[in-house]
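Hello,

Below is the structure I said I would hand over, followed by notes on what turned up in it. Please keep it open while you read the notes.

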Amino acid sequence: MAAAAASPAIAPSSFPSTRTGPLLSFRVSRKLRVSAAAASADPPPAFRSVTAFAPATVANLGPGFDFLGCAVADASLSLGDTVTATLDPTLPAGTVAISGITSPSFPRLAERLSRDPLRNCAGIAAVAALSALGVRSHGVSLSLAKGLPLGSGLGSSAASAAAAAKAVDALFGSLLPRDGLVLAGLESEKAVSGFHADNIAPAILGGFVLVRSYEPFRLVQLPCPPALHLCFVLVTPEFEAPTSRMRAALPKNVALSHHTRNSSQAAALVAAVLQGDAALIGSAMSSDFIVEPTRAPLIPGMAAVKAAALEAGALGCTISGAGPTAVAVIEGEEKGEEVTRRMVDAFLSVGKLKAAATIAQLDRDGARVISTSSLE
């Protein structure tokens, strides 16, 4: 039987954390416990099983390092992760186990992921959600289907965490508030890549999200006009860029002039989203003077890929999250094929890397339940 993890005892977690090694213990943050105070104690299950999907995410969006992100998906919902949470009477009450992991598009990925729920992104988030809900009378098993590669810069860990938190919450009646869901997922992110919510927040909430602060925890959803048909050309080379390595490359000191320029571009990006100005969104995304210049040299061919995207008519291009995925913004899909071709060619000719490409749309829904199984 798969290893089971109990809902953790009440204890404050460290803040912030950038731990990237094995997870030896698990603690639920005080913020998460407070947000769950209104939830009924030991709630009864609403379903026998729930399957939830969470989309890929583009974090940073250029100048918004660690505080801006958006959700992206395709029509088939293949660009994201899916988790099924099932009541499991064979498990000790209040525990989580991982019963299976599949990765149809990435044959060897599943075997790289631990089935220990305290060393798996979905498992950690599920344990946090179960604890926040106050569930003590039921065990839950998880089945994870990975649609995103690891170390791609598309929020792979966040997608697993978001889908798991959503599925577990729905299994017991969808009692957690918005921030409670995000904080459950953030426990997972903290254990894997550090305490930053620019992937997990849009993965759960959808659309564009601004992380205003952590103390207190404040998120701002940025609604953009429904008429804006924003598309994202996502080109992922066969090159893994671990978040820990890409974070280690960041500058320890930033010139005031660079800070000022990045701040103005981030503000312009927020205004552009609210106004539905696709051209300004692209321009602002392309104008990161702090993070991209230090990370781009670590991704073979990245500078040439960005130049190729802009020459082909993209409104903007930058590194998605920590990379190595390059993301270009276009309005509508008319130029999608040409931008895609030029970016893939640039990775191959300059970076000597093969690359896979997807044209995705802004995902306004975030994590959602896609199927349920009744108790009877």
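Histidine 196 sits in the loop between helix 4 and helix 5 (200-205). The model is a predicted one, and in it histidine 196 has a relative accessible area of 6%, under the 20% cut-off, so the residue counts as buried. The partner in one is the side chain of aspartate 198, at 3.1 Å. The partner in the other is the side chain of arginine 247, at 3.3 Å. Setting aside neighbours within four places in sequence, histidine 196 is in contact with Asp66, Leu186, Glu189, Tyr214 and Arg247.

Helix 4 also has a helix as a partner. The axes of helix 3 (residues 156-171) and helix 4 (residues 178-192) come within 9 Å and cross at roughly 145 degrees. This crossing of helix 3 and helix 4 is right-handed. On the side of helix 3, the contact is made by Ser157, Ala158, Ala161, Ala165, Lys166 and Asp169, and on the side of helix 4 by Leu181, Ala184, Gly185, Ser188, Glu189 and Val192. Sorted by type, the residues of this contact are six nonpolar, three polar and three charged. Glu189 of helix 4 is part of this contact, and Glu189 is also among the residues that histidine 196 touches.

Serine 174 lies in the loop between helix 3 and helix 4. Its phi is near 55 degrees, a positive value in a residue other than glycine. With a relative accessible area of 45%, serine 174 is partly exposed.

A second residue of this kind is asparagine 60, which has a positive phi of about 75 degrees although it is not a glycine. Asparagine 60 is in the loop between strand 2 (49-59) and strand 3 (68-73). Is asparagine 60 buried or exposed? Its relative accessible area is 5%, so asparagine 60 is buried. As background, most residues other than glycine have a negative phi, and most peptide bonds are trans.

The peptide bonds hold some exceptions too. Glutamate 215 and proline 216 are joined by a cis peptide bond, with omega about 0 degrees. Proline 216 is in the loop between strand 7 (208-214) and strand 8 (217-222). Another cis peptide bond joins glycine 323 and proline 324, with omega about 10 degrees. Proline 324 is found in the loop between strand 10 (316-319) and strand 11 (326-331).

Next is helix 2 (residues 121-133). It has 13 residues and reaches 18 Å from its first C-alpha to its last, close to the 18 Å expected at 1.5 Å a residue. Twelve of those 13 residues are buried, so helix 2 is largely enclosed by the rest of the structure. The buried ones include Cys121, Ile124, Val127, Leu130 and Leu133. At the N-terminal end, asparagine 120 caps the helix: one of its side-chain oxygens lies 2.9 Å from the backbone nitrogen of alanine 122. Just after helix 2, glycine 134 takes a positive phi of about 80 degrees.

In the loop between strand 5 (95-102) and helix 2 is phenylalanine 106. At 27% relative accessibility, phenylalanine 106 counts as partly exposed. Leaving out residues up to four places away in sequence, phenylalanine 106 touches Gly147, Leu148 and Pro149.

Leucine 234 lies in strand 9 (residues 230-237) and is buried at 3% relative accessibility. Which residues does leucine 234 touch, not counting those up to four places away in sequence? They are Val58, Val72, Leu79, Leu154, Thr325, Ala326, Val327, Ala356, Ala357, Thr358 and Ala360. Leucine 234 and alanine 360 are 126 residues apart in sequence, yet 7.3 Å apart in space, C-alpha to C-alpha.

Aspartate 363 is in the loop between strand 12 (355-362) and strand 13 (368-373). Its relative accessible area is 5%, so aspartate 363 is buried. Beyond four places in sequence, aspartate 363 is in contact with Pro55, Ala71, Val72, Ala73, Gly206, Gly207 and Arg368.

Last, the chain as a whole. The protein chain has eleven helices and 13 strands. Buried residues make up 57% of its 376 residues. Of the contacts in the protein chain with a separation of 6 or more, 78% are between residues 24 or more positions apart.

Regards

Note on methods
Residues are numbered from 1 along each chain as its sequence is written. This is a predicted model: local features need pLDDT of at least 70, side-chain atom pairs count only at pLDDT 80 or more; totals for chains, interfaces and linings use all residues. Side-chain values use heavy atoms; hydrogens and water are left out. Helices (H or I, at least four residues) and strands (E, at least two) are DSSP runs, numbered from the N terminus. The expected span of a helix is 1.5 Å times one less than its number of residues. Buried means under 20% relative accessible area, exposed over 50%, partly exposed in between (1.4 Å probe, protein chains only). A polar contact is a pair of N or O atoms within 3.5 Å; within protein, one must be able to donate a hydrogen and the other to accept it, and residues adjacent in sequence count only if both atoms are side-chain atoms. Axes are lines fitted to C-alpha atoms, for helices over the stretch in contact, and angles run from 0 to 180 degrees between N-to-C directions. A crossing is left-handed if the near helix is turned anticlockwise from the far one by less than a right angle, and right-handed if clockwise. Contact means heavy atoms within 4.5 Å. Ala, Val, Leu, Ile, Met, Phe, Trp, Tyr, Cys and Pro count as nonpolar, Asp, Glu, Lys and Arg as charged, and the others, Gly among them, as polar.
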